[in-house]
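Open the model in your viewer and keep the selection tool at hand. Each stop below says what to select and what is there.

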Amino acid sequence: MLDKRLLLVSGKGGVGKSAVAAGLSLLAQRTGLRVLAMEMASPGGLSAHFGTGPLAFEPREVRPGLHAMQMVRSDALLEYLALQVGIRGMTRLGPLARAFDALATAAPGIREIITIGKALWEVREDRWDVVIADAPPTGQIGSYLRAPLTISELVPTGRIRSQTDYMSATLADPEMTQLILLYLAEELPVTETEETMRWLSKEHLVTPPTLVANRVLEELSDPDTPPGPVGEAAQLHRSLWAEQQEWLDRLRPDHVLPYYHGMFTPGEVAAHLADQLEAIA
Amino acid sequence: MTRTLLITGAGGVGKTTVAAAIAVRAARHGMRTLVVTVDPARRLASALGVQDLGNEPQPHAEEDNLWAAMLDAGASWRAVAMRHAEPEVASRLADNEFFRAASEHFPASQSYAAADQAATFVQAQAWDLVVVDTPPAGGGIDFFTAPAQMADLVGGRLLRWITGGPLPGRRAFFNLAARPVLRMADAILGSDLLERVAEFLLDLRTTYDGVSQRGREIERVLRSSAIFVVTTSDPAPVREAIRFYRELPGLATSPAAVIFNRILPEHWAEATAPSGTSPALEQNLARWSAETVRQRDTREEFSSRYGAHVATIPWSTSPPTDLDGLAALLDEARELPWQEVGIS
């Protein structure tokens with residue numbers, strides 16, 4: 001996966017997107033790549049795992065070779081206006097920025113194009129070998145992936161319009177972009193992932209996603225159930241394992257990541273995931 | 001007098017199941033109870049008898065006193081705005097591509113529609129208890145902020161942003177549209193885009209009185225509701241749960257409880273395997289024991305830092321598939337503030 005230029009980690013809320021995006025970023029950094037890790041939709045998700053405190057729009061080096069940033073739409077808009085349109089020195093409350101703000105709320109696709117556009121613009125820069133995004137959840141990822149197309153339908157002319165083709169092409173290019181759908185072996189994450197897969201295969205906006213099941217339990221090799229907590233824990237483990245297997249049979253993952261018991265800090269989790277992901281990525 | 005209980009929290013923590021279980025308990029306690037759910041898992045939906053239903057409350061086939069309704073996930077404030085629009089405006093809005101698109105994409109749209117529907121059920125005064133499983137958008141906070149956001153959008157704040165001044169009339173706007181800055185915006189976005197957006201906002205504004213009055217009614221219902229926040233012990237949903245203690249004041253009452261779901265037996269925390277236990281089982285116990293400790297620490301930190309009333313529900317290994325299973329889910333629950341539900 002790390003030979004791609006843009007990795008988008010999505011999944012239903014609560015499945016561990018930030019942890020996995022952080023783990024991938026740490027792994028990529030370890031292998032010597034120049035990495036940009038981006039909090040696209042949930043501020044604080046990545047920074048908790050890097051242990052850095054809140055991130056800003058301006059990328060900050062959090063490990064040697066690993067920069068991290070938080071998507072801030074108003075900053076992205078000003079940057080877009082400065083770099084792509086050539087309007088400089090605009091303040092936050094300038095009339096044009098205000099007009100864009102209004103549009104971003106009222107017109108679909110604008111909000112998303114600014115966000116996904118920022119990620120794609122960073123991909124185009126040669127500063128990074130790979131951009132790894134803690135992407136919006138599956139419920140919203142469609143409107144982000146589709147934003148270039150949505151805009152090109154709504155806006156017949158203009159400069160934004162002229163860039164949407166490049167954006168769509170980068171997203172669809174299997175050499176450039178890989179979408180990772182993370183899920184848990186439970187009913188709702190599985191059904192939501194299936195829905196997303198159906199939508200994706202209909203829309204052809206990106207190549208088929210890589211499916212990664214998170215928090216998968218190992219099979220318990222000993223079939224005994226002695227009395228007391230040993231047996232109680234064994235029973236709980238076996239029934240959770242069996243339930244998980246049922247969902248994994250229904251939606252087969254390309255890769256699985258283990259359940260980490262008793263692990264408290266996000267930093268610990270990300271470091272373990274980086275080790276685990278080495279076999280995958 | 002109808003009591004309202006809002007069950008909030010992040011997605012994936014078992015919120016819908018907890019809401020259903022509380023409703024079944026209340027119904028069996030003799031209260032006429034309506035449970036309003038969003039996007040239930042298939043098995044839960046069939047237990048509640050809502051799998052094929054729209055958003056009209058239906059009495060349960062097997063349980064007296066229990067009604068269930070499913071919030072329409074496709075509903076949006078589009079319908080709400082249309083309800084408050086003059087016929088001529090409504091038909092113009094229906095044709096406006098931005099209105100159609102915005103009503104699908106406005107972030108608080110589903111939350112607004114959900115809050116509106118829930119308030120309607122409460123105002124009907126047909127039940128003793130209405131239990132609402134809130135949509136997970138924005139960690140659930142959107143449900144509480146949606147009425148104000150909606151009034152903001154309709155009220156023309158955006159329009160004032162575009163023009164940078166007081167809200168213009170229709171004719172005044174078109175004069176403003178000739179201003180250089182808007183011409184520049186048009187150059188970037190394409191011709192007359194802003195104008196079309198503004199036109200839709202001007203139309204939408206005519207619904208303001210109706211929408212904002214409705215918003216205040218909804219807010220009144222939310223303010224007089226009891227709130228249970230559901231979470232697991234995982235960091236992400238706990239972060240969302242914390243928001244209800246930090247961000248709710250002013251929008252609603254402080255949560256009556258934070259319910260930690262999927263709790264492991266306390267005595268596992270100190271448990272060790274007796275000698276002679278196989279390495280596999282010993283390691284398994286050690287892992288789950290560590291998890292038990294982590295869960296306990298998480299609850300203690302939450303309670304001491306936010307002064308929250310903490311309740312727990314044990315980890316049930318097979319999701320309930322019928323009403324008895326739902327009711328049994330709470331057999332081993334601890335510290336649930338039943339008085340908030342009206343059960344002493």
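How many of the six residues of strand β1 (residues 3–8) of chain B are buried? Five are, so strand β1(B) is largely enclosed by the rest of the structure. A residue is buried if 20 or more other C-beta atoms lie within 10 Å of its own, exposed if 12 or fewer, and partly exposed in between, with C-beta atoms placed from the backbone. Helices (H or I, at least four residues) and strands (E, at least two) are DSSP runs, numbered from the N terminus.

Before the next stop, two notes on reading the model. Residues are numbered from 1 along each chain as its sequence is written, and chains are lettered from A and ligands numbered from 1 in the order in which they are written. This is a predicted model, in which local features need pLDDT of at least 70, side-chain atom pairs count only at pLDDT 80 or more, and totals for chains, interfaces and linings use all residues.

**Stop 1**

Two strands pair if DSSP finds at least two bridges between them. Look for Thr4(B), which stands opposite Val130(B) in β5(B).

In general, strands of a sheet pair through backbone hydrogen bonds, either parallel or antiparallel.

Next, select Arg3(B), which is in strand β1 of chain B. Is Arg3(B) buried or partly exposed? Arg3(B) counts as partly exposed because it has 19 C-beta neighbours inside 10 Å. Leaving aside neighbours within four places in sequence, Arg3(B) is in contact with Asp128(B), Leu129(B) and Gly342(B). Two residues are in contact if their C-beta atoms, placed from the backbone, lie within 7 Å. The C-alpha atoms of Arg3(B) and Val130(B) are separated by 6.3 Å, although the two residues are 127 apart along the chain.

**Stop 2: other residues of chain B**

Most residues other than glycine have a negative phi. Gln125(B) counts as exposed because it has 9 C-beta neighbours inside 10 Å.

Go on to Glu335(B), in the segment after α15 (323–328) of chain B. The phi of Glu335(B) is also positive, near 65°. Glu335(B) is exposed, with 12 other C-beta atoms within 10 Å.

Then select Arg243(B), found in helix α13 (residues 235–246) of chain B. With 17 C-beta neighbours inside 10 Å, Arg243(B) counts as partly exposed. Its C-alpha atom is separated by 20 Å from that of Arg296(B), 53 residues apart along the chain.

Chain B as a whole contains 15 helices and eight strands. Of its 344 residues, 49% count as buried.

**Stop 3: the sheet of chain A**

Switch to chain A, which has ten helices and eight strands. Of its 281 residues, 49% count as buried. Select the eight strands: they form an open sheet with mixed pairing, in the order β3-β4-β2-β5-β1-β6-β7-β8. At the edges stand β3 (60–63) and β8 (255–258) of chain A, each with a single partner strand, so one side of each is left without a neighbour in the sheet.

Within the sheet, six bridges join strand β1 (residues 6–11) of chain A to strand β6 (residues 177–184) of chain A, and the two run parallel. Leu6(A) stands opposite Thr177(A) in β6(A).

**Stop 4: two helices of chain A**

Finally, select helix α6 (residues 138–154) and helix α7 (residues 159–172) of chain A, whose axes come within 9 Å and cross at roughly 150°. Axes are lines fitted to C-alpha atoms, for helices over the stretch in contact, and angles run from 0 to 180 degrees between N-to-C directions. Which residues of α6(A) meet α7(A)? They are Leu145(A), Pro148(A), Leu149(A), Ile151(A) and Ser152(A). Among the residues they meet in α7(A) are Ile160(A), Thr164(A) and Leu171(A).
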